[in-house]
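Please open the structure in your viewer and keep the sequence beside it.

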Amino acid sequence: VTKSRIFVPGQNGYRYNKQIADLVKESKQRWIIDLGSDDYDLPGALRNVAKTGDLAHLIMPEIGQKLLPFILPKKLRAAVAGDLAEDFQSYAAQWGRPYALGWLWWELAGLCIRRFGPTAIITAVGMWFRQKIGW
Amino acid sequence: MDLEIDAGFLSCSRTNGGGYGMGRYTLGEFEQAVLLAILRLGSSAYGVPIRHDLSERLGRPVSVGAIYSALERLERKGFVSSWTGGATAERGGRAKRFYRVEAPGVRALEAARAATRMLWAGLPEGASA
């Protein structure tokens, strides 16, 4: 552990007096935050985190990432997943995790509809429902 | 407005102006907005800032799917090119995909602007009010 880093086990964040420069997910259990120099401009999404020290609510749920391979071609997968993660982090910090989750599902639904078309999705849901009620 | 259906990603998308049926491809309103946003953002044009720029200027939320659908279409037409940047930590190690407007894209924008000017020609200021 160097002076320029913060280790965040679980949901509790610990912070030095400097500004946060970067956020790296190292494993499922641990986050590392690299600290920048004093004059580094703190990213907006992380300002609230720096105050509260709670990081877990900023992480995009893994199910969202697992769905992407079914929706997107390989070429765009990483870029879209990164964009979603970046915006999720921003919205969760600004408006709270429930809002960010709502936004994320809305975006994923939009991607699905654009990929498969509304007719295919309505048909699939209809078939699933008919099977469910045994009709 | 027609419905474009092909085998590509996010293929169920609409285009304004009926470009595919005509001799020359006409940019739709949203495509123009995306191209202009890329030009405005310069070297930092990737999904997130493009979306935020458009949401701000259009005054309505713009979805990630809409952005990438338009970008995919514009790239297929040769109006924009893209490349993958380095992985960044704040995105969980995922790379950004940067976009740049190519010469045909600039020409298409100029043509769209000229077409709009032509349509407005002869009308006095505030004629729409």
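Begin by selecting chain A: of its 135 residues, 35% are buried, where buried means under 20% relative accessible area, exposed means over 50%, and partly exposed lies in between (1.4 Å probe, protein chains only). This is a predicted model, in which local features need pLDDT of at least 70 and side-chain atom pairs count only at pLDDT 80 or more, while totals for chains, interfaces and linings use all residues. Residues are numbered from 1 along each chain as its sequence is written, chains are lettered from A and ligands numbered from 1 in the order in which they are written, and side-chain values use heavy atoms, with hydrogens and water left out.

**Chain A as a whole**

Colour chain A by secondary structure. It contains 5 helices and 3 strands; these are DSSP runs numbered from the N terminus, with helices being H or I of at least four residues and strands E of at least two. Followed from the N terminus, the order is β-β-β-α-α-α-α-α.

**A patch on the surface**

Next, select I63(A), L67(A), F70(A) and W105(A), which form a nonpolar surface patch with about 410 Å² of accessible area together. Helix α2(A) provides the largest share, 3 residues. L67(A) lies in this helix and is partly exposed, at 32% relative accessibility.

**The largest nonpolar core**

Turn to L84(A), I38(B) and L54(B): among the 44 residues of the largest nonpolar core, these touch the most other members. A nonpolar core is a set of buried Ala, Val, Leu, Ile, Met, Phe, Trp, Tyr and Cys residues joined through side-chain atoms within 4.5 Å. Helix α3(A) gives the most to this core, 10 residues. Around L54(B), beyond four places in sequence, the contacts (heavy atoms within 4.5 Å) include F30(B), A33(B) and I67(B).

**A loop residue of chain B**

Finally, select R94(B), in the loop between β3 (80–87) and β4 of chain B. Is R94(B) buried or exposed? Its relative accessible area is 15%, so R94(B) is buried. Leaving aside neighbours within four places in sequence, its contacts include Q65(A), A78(A) and A87(B).

Methods:
Patches are made of residues with over 30% relative accessible area and no salt bridge: like charges are joined within 9 Å, nonpolar side chains (Val, Leu, Ile, Met, Phe, Trp, Tyr) within 5 Å. Accessible areas come from the Shrake-Rupley method with a 1.4 Å probe; for residues, only the protein chains shown count as cover. A salt bridge is a side-chain nitrogen of Lys or Arg within 4 Å of a carboxyl oxygen of Asp or Glu.
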